[in-house]
Structure formats: C-alpha cells, structure tokens
Amino acid sequence: MFKKYYKDANNDINTNRQLIDNIFESAKIKPQKGKKIALYRYWVAIAAVFFVVLTFAFYDDIVRLNNENINITETQQSIEQQVTRQSDEEDVPQMTRLVPESTEEDVSRFSRNIEGESVNGFAVKMDNFMEVPESKIEEITEILMQKFGEKDEETGNIFIFEIVGIAETEWGGYYLGRWKWFVGDHSSLLTSFVLNEDMTELYECTLNSETGDVLWNEERNMFE
Amino acid sequence: MYESTTNMDNKREIVEKYFDMIYKLSLSQTKSRDYADEVVQDVFIRFINSDKKFESDEHIKAWLIRVAINCCHNMFSNSWAKKTVPLSEDIVFDTKEKGDVYYAVLELPQKYRAVIHLFYYEEMSVAEISKVLKTNSSTVKSQLSRARKMLKEKLKGGYGLV
C-alpha cells in the first residue's frame with residue numbers, strides 16, 4: 001500500500017521539462033571546470049612534492065628546533081593535565097594548576113592564618129610529584145570507596161577517585177588526588193585532597209597556581 | 001566504451017530519458033521545486049560536459065543518481081542555503097493517502113529519503129542502491145529499516161508498512 005501510494009504520488013508530480021533546453025544552452029557557455037580542476041591538482045601535487053623534499057633536506061634542523069622548544073617532562077605534562085580541569089559547579093573549589101614556586105627548597109612547609117583560621121600546607125614544585133603505580137592507585141581507591149562509598153546516597157551519583165601523584169616530604173609522603181562524581185554524561189569535581197602515605201589522614205585541599213601551594217586544614221581530617 | 005554518450009543528440013536522448021527520475025529524486029532530497037530545478041540543471045550540465053566514458057545505460061543511471069544526491073547534499077552545506085527547508089506546499093495530490101505518504105517521506109532525514117525513494121519509487125534492489133551510493137548493503141538495509149519504522153510512526157501504522 002505504501003509503495004503504491006508513494007509511486008502514485010511521485011507519478012503525479014509535474015516535472016519542469018522546460019529546463020531541458022535551458023540545460024543545453026547553459027552547457028555550451030559554462031566553462032569546463034574539469035580542466036581547471038585538473039590543472040589545480042597538478043600544482044597541488046608539485047607543491048606537496050616540493051614540501052616533502054624540503055622536509056627531508058632540513059630534517060635534522062627541524063628535529064633540533066623542536067627539541068629545544070620542549071621544556072616540560074612527561075611527568076609534569078601528565079600531572080598538569082590532571083589538575084587543570086575546573087568544575088562546572090559554582091560551590092566547588094576552583095582547581096588551579098600546580099606551578100613551581102620560586103623557593104630554594106623543593107618542598108617547604110608553612111602555616112598560615114587565613115581569615116582567622118590556621119591552615120597548614122606545603123608548597124611543592126612540579127618536579128617533585130611522581131607518578132603513582134597503578135597497583136597503589138587501586139589500593140587507595142579501594143580504601144576511599146570503603147570509607148565514603150561508591151556513590152552519593154542523596155543523588156546516586158557515582159564517585160571517582162583519581163590519584164594525581166605523590167610528593168615526598170620530610171614529614172612523609174603525601175598523595176594528591178581529585179574526588180569527582182558522575183553527573184549525567186560527564187564527571188564533575190567535588191574536591192581535591194591530600195592523603196598521607198599511611199592513609200590515616202585525608203584533607204580537602206586547594207591549589208594555588210600562582211604560588212604553587214597546596215593548602216589544607218589539618219584540623220579537618222575526613223577520616224575521623 | 002558506450003557509444004551513446006559521444007555526441008550531443010545521444011546526450012539529449014539520455015537527458016530526456018532520465019530527467020524526470022533526477023527531478024523527482026532531487027525534489028525528495030531538497031523538498032523545494034526551486035532547489036530541485038537547480039540540482040537537475042547542475043547534474044545534467046555536468047553530464048553533458050563530462051568526458052567520462054560510460055559502459056552501459058545502468059552505469060549512466062547510477063552516475064546521475066550519485067551526482068544528484070551529492071549536489072543536493074552540497075546545496076545544504078552552503079552557508080547561504082537554509083538548513084531547514086519548509087515542505088513544498090505547492091504539491092497537491094488528488095487523494096489524502098498520496099499526500100500523507102509523500103509528506104511523511106519528506107519529513108525523514110535526508111539520507112533515509114534517498115534510500116526510500118530509490119527502493120520504493122525507482123524499485124532498485126538493496127544491492128543496486130548500495131552500489132549507487134557506494135556504501136554497504138547492510139547500511140542500506142539498516143537505513144531502510146529505520147526509515148520504515150519512522151514512517152510507521154508518522155503514518156500511525158497504516159499503509160501496510162512492515
């Protein structure tokens with residue numbers, strides 16, 4: 001039935017056959033684009049060959065110049081990529097990128113009084129963050145899920161724990177991580193955190209890209 | 001080499017033979033008589049000016065269909081052309097069923113309209129359609145299946161669509 005009606009409908013349509021004469025008139029005066037396109041292709045091919053020859057001729061120089069412009073190590077790039085993303089939600093702390101602080105020491109500890117509150121933190125240079133082995137990440141993730149659950153009870157959003165790196169200090173090793181959750185089809189940051197190597201203390205932290213500080217309040221151990 | 005495309009008289013015969021086919025295909029793709037006119041002219045001017053050697057009548061038909069579909073697609077890639085074109089209101093059918101069916105097809109996405117038109121109106125097989133459109137026959141089957149499903153919903157399950 002559908003086929004019959006569709007065929008009949010199309011058969012009813014009047015086509016504009018007066019165009020046929022027009023077509024032949026236009027075909028006489030219209031320039032043959034084909035030849036122009038063919039010539040254009042030759043020029044493109046010649047230019048491509050020329051470019052390839054130049055590349056081979058100056059290959060060593062190109063590699064040398066390229067290497068001179070690379071300043072960031074693979075580890076730094078990896079860590080930068082992991083901490084640069086910012087949350088869409090307004091009430092989540094702004095994530096800022098860790099940058100090297102201009103201190104003589106690689107890692108230094110300090111206490112600050114911020115708005116009447118004592119905040120302890122440390123400043124870490126990018127070089128000091130080392131990658132964490134996959135097995136350790138899994139171990140830490142398991143502990144955090146046992147402590148905080150796999151998802152938020154109120155919203156049902158699934159939690160994600162990312163371990164960005166570990167910095168060794170004279171007070172021990174500190175893992176730097178990001179706690180996120182899935183909202184719809186994307187993940188959203190809840191907070192950054194530091195976790196001591198013993199995995200007995202976990203603090204929400206903030207990152208300051210200008211100074212390279214990682215700040216947290218030692219009185220708010222989330223494991224207690 | 002197919003001799004019939006070598007001189008203008010033969011080319012005229014071919015244009016006259018396939019004009020309606022290309023016009024109706026273009027109309028189903030562009031949903032506008034003005035655009036269909038432009039596409040038809042473009043397709044046949046290319047054919048007339050082409051140095052291509054065709055092997056058979058079927059080869060010519062397939063070439064014309066492919067060029068027409070590409071021209072329709074390119075038309076809507078241009079920034080000045082409207083992305084959404086209103087349905088041609090000047091096509092009036094003598095029965096409600098014809099109108100319902102025709103306009104239901106026009107509401108389908110462009111690529112589904114092409115396979116529906118070639119399958120039901122031109123009565124081409126899935127293999128022929130896939131050859132013309134240079135795609136897999138499984139892709140054509142899948143598009144036909146989805147198009148039928150959409151048409152069934154639009155036509156409220158009527159008109160014998162399975």
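Biologist: How many salt bridges does the rule find across the interface of chain B and chain A?

Modeller: Six salt bridges are found between chain B and chain A. Keep in mind that this is a predicted model.

Biologist: Which side chains meet in one of them, with what N to O distance?

Modeller: A:K3 and B:E123 form a salt bridge through their side chains, at 3.0 Å from N to O.

Biologist: Which elements of chain B give two or more residues to the side that touches chain A?

Modeller: On chain B they are α1 (8-30), α2 (33-49), α4 (96-106) and α5 (110-121). The most comes from α1(B), which gives 11 residues.

Biologist: What does that side have by class?

Modeller: The side of chain B that touches chain A has 21 nonpolar, 11 charged and five polar residues.

Biologist: How many residues does each chain put into the contact?

Modeller: Chain B supplies 37 residues and chain A supplies 26 residues. Between them the two chains bury about 3100 Å², with 66% of that on carbon and sulfur atoms.

Biologist: Switching to chain B by itself. How many helices and strands are there?

Modeller: Chain B has seven helices and zero strands.

Biologist: What share of chain B is buried?

Modeller: Of the 162 residues in chain B, 52% are buried.

Note on methods
Residues are numbered from 1 along each chain as its sequence is written. Chains are lettered from A and ligands numbered from 1 in the order in which they are written. This is a predicted model: local features need pLDDT of at least 70, side-chain atom pairs count only at pLDDT 80 or more; totals for chains, interfaces and linings use all residues. Side-chain values use heavy atoms; hydrogens and water are left out. Contact means heavy atoms within 4.5 Å. Buried area is the accessible area (1.4 Å probe) that two parts lose on being put together, summed over both. A salt bridge is a side-chain nitrogen of Lys or Arg within 4 Å of a carboxyl oxygen of Asp or Glu. Helices (H or I, at least four residues) and strands (E, at least two) are DSSP runs, numbered from the N terminus. Ala, Val, Leu, Ile, Met, Phe, Trp, Tyr, Cys and Pro count as nonpolar, Asp, Glu, Lys and Arg as charged, and the others, Gly among them, as polar. Buried means under 20% relative accessible area, exposed over 50%, partly exposed in between (1.4 Å probe, protein chains only).
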